[in-house]
Amino acid sequence: MNPAQRLGALLGALALCFVSSMAMAQTVTMWTFLDPSKPTGRDRALKQMIDAFEKTNPGITIKVESQVFSELGAKFLLGHRTGTAPDIIFVNAENLGALLRANATADLQKAFVSAWAAGQDADFYMRAAWDAAKVGDARYAVPLFPATATIFYRRDLFAAAGIDPASLKTWDELTAAAKKLTRDTNGDGNPDVWGIGAPLSVERTAGTTALVPMMQSGQNEVWDGAACKPHYATPAGERAVRTHAGWINADKVMPREALVNNTDDILEQFAAGRFAMVIAPFARFENAAKTATWDGAANLAVMPWPTWDGERSGPQIVTGWFLAAWKNSKNLPAATKFIDYMISEDGVRLWATVGGQVPTRSSVFNDARFQAPQYGYMRTMRQAWSDWSFMLPTGCNTARFDADLNAAVHRVVLGEAAAPAALKEAEGKFLERQ
Amino acid sequence: MMINRSDRTAWWLVAPFLAMEFVFVAIPLGIGAFLSLYKVDFLERTSFVGLGNYWAVLTSPAVLRSVWLTGVFTFFALIFTFVAGFSLALMLERDSRLHVFGRAVVLVPFTISMLVGSMLLKWIFSREAGLMPFALAPFGLGDVSILADPTNAMAALVFNAMWRDSAFAMILLMAGLKSVPLQLYDAARVDGAGPLRRFVRITLPLMRLPILITLVRLIIHFANILTFPLILTGGGPSDATNIIGLQLYRTGFQDYRLGIANAFALMLFVFNILLILLVIRLFRAKEQQA
C-alpha cells in the first residue's frame, strides 16, 4: 500500500467513525421557559438533571431552547403544523386542551408509564393533575410543577389580633377575621392594613380567583366540560360574587383598588405590609417570603380555601406546568426517556430540593427534610390538594374565564349590574370563545 | 415604457426593502385575510365561515363598546396632547441653551419605553402606595381611587397619553414653526400687532398643514394604542378602558380566536389606511403650497 492509499484508508476509517458516531448520537430538543445557564433554583435543577441524564445515557444530548413562557403553547402548535416542533415541550394547564385537540403529543402511558413497577402511578398524589391529559388508556402529558392559588397570611398579624388561622373553616369566618385584621394605624380614617387582598383585575390574574373555589364548594360543578357550558349564574355563583363585592363595599376589608390590581400588584403590597391576607399563586410563596418588608421567613404561611359549610377544605384548581413529547419526534424514545427521568423519584427530588418545587410524588414528600418546620407550607398544600383538587375542563377554551368572573365582580361593586346579570354576561363571554 | 439607467439603479437600491416588505408585511397580510374567512381556534383552522367573522366583529357588544371607548379616549387624548404639544413647541422654539435644555426635559417621557412609563404612572396613581393621593390630599381628595373608578381610570389613560406623546406633537409642530419666515413677525411687529394677533394671523394660518398632519398622526397612534391600557388599567374597571387595541389583543392572543381577530385587525387596517392616505394628501398639499 503506497502512502496515498494509506492516507485514503485512514481518512475513510475516520469518516466511517464520524458517520457511525453521528448515527448513534441523538440530540433531544426541549422547549421550556427555564434556562439552565441561569442561577435560579429551577434552572439549576434542570442543569443538574441534564448533566446526570447525559452521563447515564452517553448517546443522548439534551438541547434546551428557552422560550417566553406565555408563547410556549402557541409556538409548539405552530411547530406541530409546520413539522418543526421540538421533541419535548413544557406546557401549561391552560394550553393542555389545545394540545390534546390538535393530537400533537405522544402517548406517554405507552412510552414508559405502563412499564413502571406497581404503585408508581399512585405515587402522584395530585390525581386531578396526573389524569389531566388522560384520554381513554392514553396519557398525553404528565405533571411537572403543580400550581394553584390559595390564601397567604401573616402569622404575626393573626397572633396580634388573637385569631387562630386553623379556626377559619368557612368563608364567613374568613370575612369576620378580615374585619378584625383591617386596621387604621395612623388615624387618618383610611385603613393602612387591609384584612384581605385579591387580584381582581381582568389582566394578569390567571388562575388566582377565589370565585371558583367559592362556587365549586357551593354546588356540584361550575362547568359542563362535555358541552363546554359554564354554570355561573346560580345561587352559588351569586353568593360568590356578592361576597367579593361585600369585601369591598360593605365589609370594607379590601380596597376598591383591588379591582385593577393584578397578582404582582397584590403581592407587592402584601410584601409592603398593606394586607394581612392575600389570594395569590402558591408558586410565589418563597419569593413572597424573601421580598417581604416584615419577617417573611417566620411569619408567612398559607391556608387552604375555606368552604361554605366548613366540613372540609375547599377545592383547589390545579394549574401549573406539564411535560409532553411531540408525537412526530424523530427522537421519541430518547425524548420520553428524559421525561421519565424528570418525573422519576430522583428527578422530583431535584426539582424539590434544588428547584424549591412542591414534590409531586408522595414518596419524595416522605423524605425527612420535608418534615422540617420550614416546609410546613408545602405540607399544608399537599393536604389541600389531596383532599379536593380539580382541573379546568381541558376540552374547552378556558382562556380568561377568571377575567370574566372578575369583571362580574366589577359590575356589582360599581353598581352597574346585579349579580345574576353580571354572571350571565360572564357566561356569555365564555360561550363566545367556544 | 423605457426605464433609464438611474431608474434601474434606484429600483435595485430599494429592491431589498421591497422584498422585506413583501415577506414581512404583504404575505402576513394575505395570510391574515385568508384566515379571517375561517374559524381559527388555537391556530387550528376548522371551518370556512366566509364573512361571518366580520359580521361577528360588527355585532359584538364588546367590540362596539371598545370602539366607543376608543373614540372617547382618542378625542380627549388628542385635545390635551395637541394643546400641550403646541404650547411646548411655542415656548421652546428658540435655540437658546435654556430652551434646548427644556426640550430635552420634555422629551424624557417620550424616550423611555411606553411600558415603563405606564408602570410608573400606575404606581403614581395607586391609592394604596402612590404619590397622587398625597398630592390630592390637601384638596380633600386623598381618598379618591383613581384607577378603580371608571371615569377616573379613563382620565388617567388620557393623562398617560398626554404625558408621553405631547413631546412627539411638540417635535412635529416645532418643525412647522421653524419654517414660518421670521420677517413676517418682524413686519407685523412694526405694524403694531401684539403676540396674540401675530399668533392668530401669522402662526396659525401658516401652521395649518403641520397641525393637520400632527392631528392625523396622533389619531392613528391613539386609535391603535395597546400598551397604555394594558399596563395602566388592564382595560378595567368593568371594561371602562377596554379600547380597540386591547380588545383586539385579547381576542387574538389571549382568547386564541384568530379568525375573528384577523377580521377585526383587517378592519382596523382599512381604517388606518384611510388615515394614512389622508396624511399623504396633506403632504402633497403642503408641497404644492411650498
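Helix 11 (residues 263-271) of chain A is largely enclosed by the rest of the structure, because seven of its nine residues are buried. A residue is buried if 20 or more other C-beta atoms, placed from the backbone, lie within 10 Å of its own. Helices (H or I, at least four residues) and strands (E, at least two) are DSSP runs, numbered from the N terminus. The model is predicted: local features need pLDDT of at least 70, side-chain atom pairs count only at pLDDT 80 or more, and totals for chains, interfaces and linings use all residues. Residues are numbered from 1 along each chain as its sequence is written, and chains are lettered from A and ligands numbered from 1 in the order in which they are written.

The buried residues of this helix are Thr263(A), Asp265(A), Ile266(A), Leu267(A), Gln269(A), Phe270(A) and Ala271(A). They pack against strand 7 (149-154), strand 8 (194-197), strand 11 (275-281) and helix 12 (285-291) of chain A. Just after helix 11, Gly273(A) adopts a positive phi of about 90 degrees.

Beyond four places in sequence, the contacts (C-beta atoms within 7 Å) of Phe322(A) include Val91(A), Ala93(A) and Leu144(A).

Chain B contains 13 helices and two strands. Of its 290 residues, 32% are buried.

How values were computed:
Two residues are in contact if their C-beta atoms, placed from the backbone, lie within 7 Å. A residue is buried if 20 or more other C-beta atoms lie within 10 Å of its own, exposed if 12 or fewer, and partly exposed in between; C-beta atoms are placed from the backbone.
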